[in-house]
Amino acid sequence: MVRILVLLITALISHSVFAAGLVEGQWNGKITMHGKKSDEVRFRVRSKQNDDLVSYKVDMFYKERPFKFEKLTVDTKEMKFVLDTGVEYDCVLSLDDKEKKDIEDCKNKEGYCGKCIHSGDGEVRKIIINMLPPLEAPETSEQDDAEAEKIMDPIDLSL
Amino acid sequence: MSENEQQDDSNPPAAPAAVAKSQKDIWDKIEILSRPIIASLTAAVIAIIGFFGQNTITELSSQEQNARLYTELLSRREEAESSLRKDMFKEIMSGFFTKIEAKGNSKEQILEGGEEYKGDDIKDNLSKKILKLEMLALNFGDSLSIGPLFTELSSDIERVLMANRNTIDDWKTVAGPYQKRLRSLAKRLASRQLATISSGRNSSDKNEFKISVKTELVEVPDEDEDSESKVFYWMSEEDQNVVDGDKLKLDGVIRFFEITLSNADLENYTVSVSIKILEIPEDKFNKKDNSTRGPEIVAHEDFNLDFFNFPLIDNTRLSHNHRFALIIEEFDSNTIELKGVLFPGVYASQRDKPFLNEAIDDLKANKDKNEDSAKAQEETVN
């Protein structure tokens with residue numbers, strides 16, 4: 001009985017870890033800046049395994065400029081971070097449809113969606129972000145290595 | 001009889017005179033007729049010669065006049081253009097160094113006395129500054145070291161927008177398109193200069209190479225990352241067959257390159273470069289030297305490469321009055337593409353004059369070349 005319980009718990013934990021994971025690679029999506037129309041945006045997601053912990057790094061590329069997701073935490077249903085666009089925003093993006101339903105611009109949106117809020121100086125500013133995972137399957141490490149090797153090879157020796 | 005005889009005697013002398021008279025008349029007539037004809041022919045010939053002579057003289061003088069006029073026009077146009085370029089340069093440069101200032105950029109002023117200044121003023125000013133730089137770059141980019149102006153304007157954009165963050169919402173997102181415009185202009189100028197170099201290139205001499213690397217492999221390492229793991233090393237192939245061949249050289253000089261890339265900064269679009277240029281010694285190349293000496297390092301440089309490095313201006317001076325330039329072709333979150341170009345010093349900018357020893361070497365080389373070709377011609381004739 002105890003063994004079954006341990007197995008179940010292990011399975012649950014591994015499932016939640018998988019669910020909490022962000023797929024590495026290039027994500028696409030939309031951003032709606034405060035008082036502006038929505039715009040295309042690109043994200044680069046990288047992960048690093050430290051012992052049992054996986055840490056993520058997300059960079060958003062908006063108008064050809066990188067914006068780092070600072071103080072990023074990712075769990076099963078949502079990710080939280082600080083976004084500095086010249087104004088610091090506290091952001092919460094969610095995978096959960098119930099959470100997304102509460103935000104008008106996130107209804108029926110796939111992937112992570114949520115808002116960033118800045119409430120300093122008596123003015124509340126809001127940004128909506130929608131992050132969509134890469135369409136293709138994530139590259140395996142072997143594929144990655146092969147591609148890196150291909151790129152690292154001198155392309156043309158012309159001198 | 002005697003009378004008859006007398007008559008007979010008197011008659012015969014009259015007949016030849018009449019014949020002579022009648023013959024003279026024809027010649028006389030001819031003479032009389034030919035005189036005016038000859039006179040008119042002479043007059044006509046003189047008139048024709050005069051006419052054509054005059055025409056030729058007029059034509060020659062008109063040609064000469066045209067040539068003089070053309071030269072004068074050209075020199076005047078050159079003068080006018082120089083003067084225009086001088087005025088334009090003065091005007092743009094003076095405008096370029098004016099400060100971008102808001103009429104009242106402090107938050108207090110805006111709260112107290114209404115909006116004296118709007119963020120749009122700053123944006124307009126920035127646009128105008130970029131336009132001025134565009135004018136400078138496109139008109140003087142080949143002869144002026146314009147990179148520092150790009151760098152200055154790029155940091156100006158950040159500084160000014162940040163200083164006015166109270167009125168410019170999310171200033172970092174506003175800076176992006178301005179920086180992109182600057183980079184596009186720089187790319188345009190660099191590719192124009194590359195085209196100039198390529199147009200005068202001897203097609204048999206390959207003198208450029210490309211390097212492509214994944215950005216994340218050379219990106220600025222995070223605090224928890226090992227800085228040495230984020231270095232990319234590239235070297236051109238040192239193949240003896242290539243050395244013996246005649247492909248990878250410029251004016252008979254063979255060179256190799258070792259390039260190290262690191263600290264790629266996506267925010268400023270810069271990458272640290274360390275470059276070593278190796279050259280096959282001339283004696284070895286000419287096969288006078290049978291020693292096993294390999295290529296020798298002739299230049300070693302460390303620098304930060306960005307879009308504002310232009311091949312005609314920002315290059316490394318090498319022997320034989322050659323230049324080597326490395327430029328960024330593409331730089332984004334996925335890949336960095338660099339292009340290395342080797343080219344003769346004649347294509348370098350006007351401010352980049354050859355050293356005296358290089359000029360003398362050039363003269364000697366030209367003299368030797370002329371002598372060789374003369375000898376070859378003589379041999380062909382014999």
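**Entry 1: a strand pair in chain B**

I started at I328(B), which stands opposite L338(B) in strand 9 of chain B. The model I am reading is predicted. I then looked up how strands 8 and 9 of chain B are joined: nine bridges link residues 322-331 to residues 335-344, and the two strands run antiparallel. I noted for myself that strands of a sheet pair through backbone hydrogen bonds, either parallel or antiparallel.

**Entry 2: chain B as a whole**

I counted up the elements of chain B and have nine helices and nine strands. The chain has 382 residues, and 23% of them are buried. I also checked the contacts in chain B with a separation of 6 or more: 59% of these are between residues 24 or more positions apart.

**Entry 3: Y269(B)**

I looked for a positive phi in a residue other than glycine and stopped at Y269(B), where phi is near 55 degrees. Y269(B) lies in the loop between strand 4 (253-265) and strand 5 (270-279) of chain B. Is Y269(B) buried or exposed? I have Y269(B) as buried, because 23 other C-beta atoms lie within 10 Å and the cut-off for buried is 20 or more.

**Entry 4: the sheet of chain A**

I moved to chain A. Nine strands there form an open sheet in the order 4-3-2-1-9-8-7-6-5, and the pairing is antiparallel. Strand 4 and strand 5 (70-74) of chain A are the edge strands, each pairing on one side only. The twist from one strand to the next averages 25 degrees.

I followed the pairing strand by strand. Strand 1 (residues 25-32) and strand 2 (residues 38-50) of chain A run antiparallel and are joined by eight bridges. Within this part, G25(A) is opposite V45(A) in strand 2 of chain A.

Between strand 2 and strand 3 of chain A I have nine bridges, again on an antiparallel run. One residue I looked up is S47(A), whose bridge partner is Y56(A) in strand 3 of chain A. These two strands form a hairpin with two residues between them, and D51(A) in the turn has a positive phi of about 55 degrees.

Strand 3 and strand 4 of chain A pair in the antiparallel sense over four bridges. M60(A) has F67(A) in strand 4 of chain A as its bridge partner.

What separates strand 3 from strand 4 of chain A in their hairpin? I find two residues between the strands, and K63(A) there takes a positive phi near 50 degrees. E64(A) is in the loop between strand 3 (53-62) and strand 4 (65-68) of chain A. E64(A) is not a glycine, yet its phi is positive, at about 65 degrees.

E64(A) counts as partly exposed because it has 18 C-beta neighbours inside 10 Å, while buried would need 20 or more and exposed 12 or fewer.

Terms used:
Residues numbered from 1 in each chain as written. Chains lettered and ligands numbered in written order. Predicted model: local features only at pLDDT ≥ 70, side-chain atom pairs only at ≥ 80, totals over all residues. Pairing = 2+ DSSP bridges. Contact = placed C-beta atoms within 7 Å. Axes fitted to C-alpha atoms, helices over the stretch in contact; angles between N-to-C directions.
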